Amino acid sequence: MSAEIKLLVVTEEPAQAEDIQSRVGNQFPQFLHIHPSEVRREIARLQPDIVLLHEMKDGSGIQLIPYISREVSDVFIIYLTERRDPVRTRDVSRAGAFDVLFLPDEITALEDVLSRAVKAHQAKEYRSEASASFTWGRGQIISFYSGKGGCGRSLISSTLAQTLQLDSTSGVLLVDLNLQYGGLESYLNIESDRSIYDLTPVLEELNDNHIRNVTVVEPYSQVEVLTSPADAEIADQVTEDHVERLLRAARLYYDYILVDLPTEMSTLTFTALEESDKLFYVMNPDSVSMRIFGRVLDLFGKIGVDTSDRLEVILNRISRDYELNAKTVQQHFPYPVIGEIHEDTKRLQQMINRGTPLRTSRRERGLSVFARDIQKIAKRLLSQQAGKTA
Ligand SMILES: Nc1ncnc2c1ncn2[C@@H]1O[C@H](COP(=O)(O)OP(=O)(O)OP(=O)(O)O)[C@@H](O)[C@H]1O
Ligand SMILES: [Mg+2]
């Protein structure tokens with residue numbers, strides 16, 4: 001009856017996979033097993049119908065649910081865990097899992113749950129019912145990167161975060177990964193003594209409360225901001241694990257996660273780029289920026305940062321005085337220019353010096369040219385998202 005169904009078991013433990021196979025292998029001749037570390041590489045190719053996702057020993061695994069759902073449409077994920085933790089169980093189901101089984105006792109219910117999943121798969125009832133709630137857990141991660149400093153990443157990411165939060169119902173998290181010096185806090189006029197490093201003791205079980213404990217809410221827009229420790233010694237102790245786990249968990253709770261990255265290509269920057277759905281490359285319209293963009297693309301190629309369908313360019317500080325425009329960039333590089341922001345020195349300087357964020361309320365009059373150009377980028381993102389969920 002389930003011959004046409006592809007069943008994939010994701011577990012670190014071969015013995016667990018064998019046990020499952022001995023229980024249900026007869027009903028599911030298309031039975032596959034992979035290690036969780038292989039999910040990213042294999043899932044799009046395998047296209048399973050049902051996934052049995054076994055929580056890893058270090059407690060991670062929930063983060064794979066939105067990832068798998070994104071890569072395989074209409075997949076049914078059954079989460080297997082040894083921990084009966086109500087917060088986790090809530091997160092698992094919110095992330096879009098079909099069901100949760102607590103091991104070892106409930107393994108006896110596996111056949112039952114699978115037969116429900118198969119029925120739902122065949123009837124496709126679940127799909128339409130679930131599509132509304134399935135948006136949960138699929139927050140978009142957008143990184144702001146540039147090979148050249150001072151081009152506007154921090155100002156653009158912070159104003160875009162405010163704009164998305166103010167002009168829509170989205171929940172936005174803004175993360176400053178310039179761990180040594182920071183930058184965002186001065187544009188948003190906020191202060192915080194907590195940073196990503198403070199997540200260390202709870203990294204393995206990160207949930208929304210933990211994240212909220214270390215963020216600060218920007219009072220005008222209500223954007224949540226995770227500021228930089230702005231301390232070289234602390235920065236040294238932040239690991240790829242911090243970045244990966246934070247971003248994967250944040251996907252479950254926010255619609256947009258905007259990450260302001262430093263120019264330096266470290267393993268942390270690499271990890272953030274890897275986790276991102278979009279890479280916004282910020283550049284000024286001049287020949288030096290063009291040359292550096294070329295070098296960055298070479299480096300991305302060498303270290304394996306995949307840019308296809310992900311990298312988009314934002315041109316900042318366009319004006320009559322600059323030599324280049326969007327057309328020139330597109331003639332040289334195969335990436336779309338999705339935003340053009342005008343030079344607006346006088347107004348920006350005034351606001352930055354006064355410590356006023358560039359957005360302060362929902363329907364603002366007399367917005368700066370800069371803020372209006374950012375609004376166009378926000379609109380584009382929001383309409384893409386609406387198109388996806390429709
Ligand atoms: N469109 C613009 N018009 C006028 N000035 C701008 C514009 N964009 C950015 N600036 C100026 O450039 C400065 C640097 O911007 P920002 O701090 O956002 O750059 P960054 O890429 O984050 O730099 P860093 O390498 O220091 O992190 C801002 O303080 C602002 O004064
Ligand atoms: Mg910056």
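Helices, like strands, are taken here as DSSP runs, a helix having at least four residues, and they are numbered from the N terminus. Just after one such run, helix α4, Gly 96 takes a positive phi of about 115 degrees. The structure described in this report is a predicted model.

**Confidence**

The protein chain has a mean pLDDT of 91, and 95% of its residues reach 70 or more. Confidence is highest in strand β11 (residues 278-283), at a mean of 98, and lowest in helix α6 (residues 125-131), at 44. Over residues 125-136 pLDDT stays under 50, and for this stretch the model has 16 contacts beyond four places in sequence. Where pLDDT is low, the predicted coordinates should not be read in detail.

**Helix α4 and its surroundings**

Helix α4 comprises residues 86-94, and Arg 88, Asp 91 and Val 92 are buried in it. These residues lie on the same side of α4, because they cover an arc of only 100 degrees around the axis. The elements against which the buried residues of α4 pack are α3 (64-71), β4 (76-81), β5 (99-102) and α11 (240-253).

Helix α11 contains Arg 248. With a relative accessible area of 14%, Arg 248 falls under the 20% limit and therefore counts as buried. Beyond its neighbours within four places in sequence, Arg 248 is in contact with Arg 40, Gln 63 and Glu 275.

**Helix α13**

Helix α13 (residues 287-303) has 17 residues, which at 1.5 Å a residue should span 24 Å; the end C-alpha atoms are 25 Å apart, in agreement with that expectation. Its buried residues are Ser 289, Met 290, Ile 292, Phe 293, Val 296, Leu 297 and Phe 300. Because they cover an arc of only 165 degrees around the axis, they are placed on the same side of α13. On the other side of α13, the exposed residues are Arg 291, Arg 295, Gly 301 and Lys 302. The cover over the buried residues of α13 includes β6 (140-145), α12 (267-275), β11, β12 (311-318) and α14 (326-332). Just after α13, Gly 304 takes a positive phi of about 85 degrees.

**Ligand 1**

Ligand 1 is surrounded by 18 residues, of which the closest are Arg 153, Ser 154, Leu 155, Tyr 187 and Asn 316.

| Residue | Part of the residue | Distance to an oxygen atom of ligand 1 |
|---|---|---|
| Gly 150 | polar backbone atom | 2.9 Å |
| Gly 152 | backbone N or O atom | 3.0 Å |
| Arg 153 | N or O atom in the side chain | 2.6 Å |

**Ser 192**

The loop between α8 (184-188) and α9 (208-214) holds Ser 192. Ser 192 has a relative accessibility of 28% and so counts as partly exposed, since that class lies between 20% and 50%. Not counting residues up to four places away in sequence, Ser 192 touches Val 214, Val 216 and Thr 227. The side chain of Ser 192 also reaches the backbone nitrogen of Arg 194, at 3.1 Å. Ser 192 and Pro 285 are 93 residues apart along the chain, and their C-alpha atoms are separated by 34 Å.

Methods: Residues numbered from 1 in each chain as written. Chains lettered and ligands numbered in written order. Predicted model: local features only at pLDDT ≥ 70, side-chain atom pairs only at ≥ 80, totals over all residues. Heavy atoms only, no water. pLDDT = per-residue confidence, 0-100. Helix = DSSP H or I, 4+ residues; strand = E, 2+ residues; numbered from the N terminus. Contact = heavy atoms within 4.5 Å. Expected span 1.5 Å × (residues − 1). Buried < 20%, exposed > 50% of the residue type's maximum accessible area, 1.4 Å probe, protein only. Arc of directions from axis to C-beta. Near = heavy atom within 4 Å. Polar contact = N/O pair within 3.5 Å; in protein donor to acceptor, adjacent residues only side chain to side chain.
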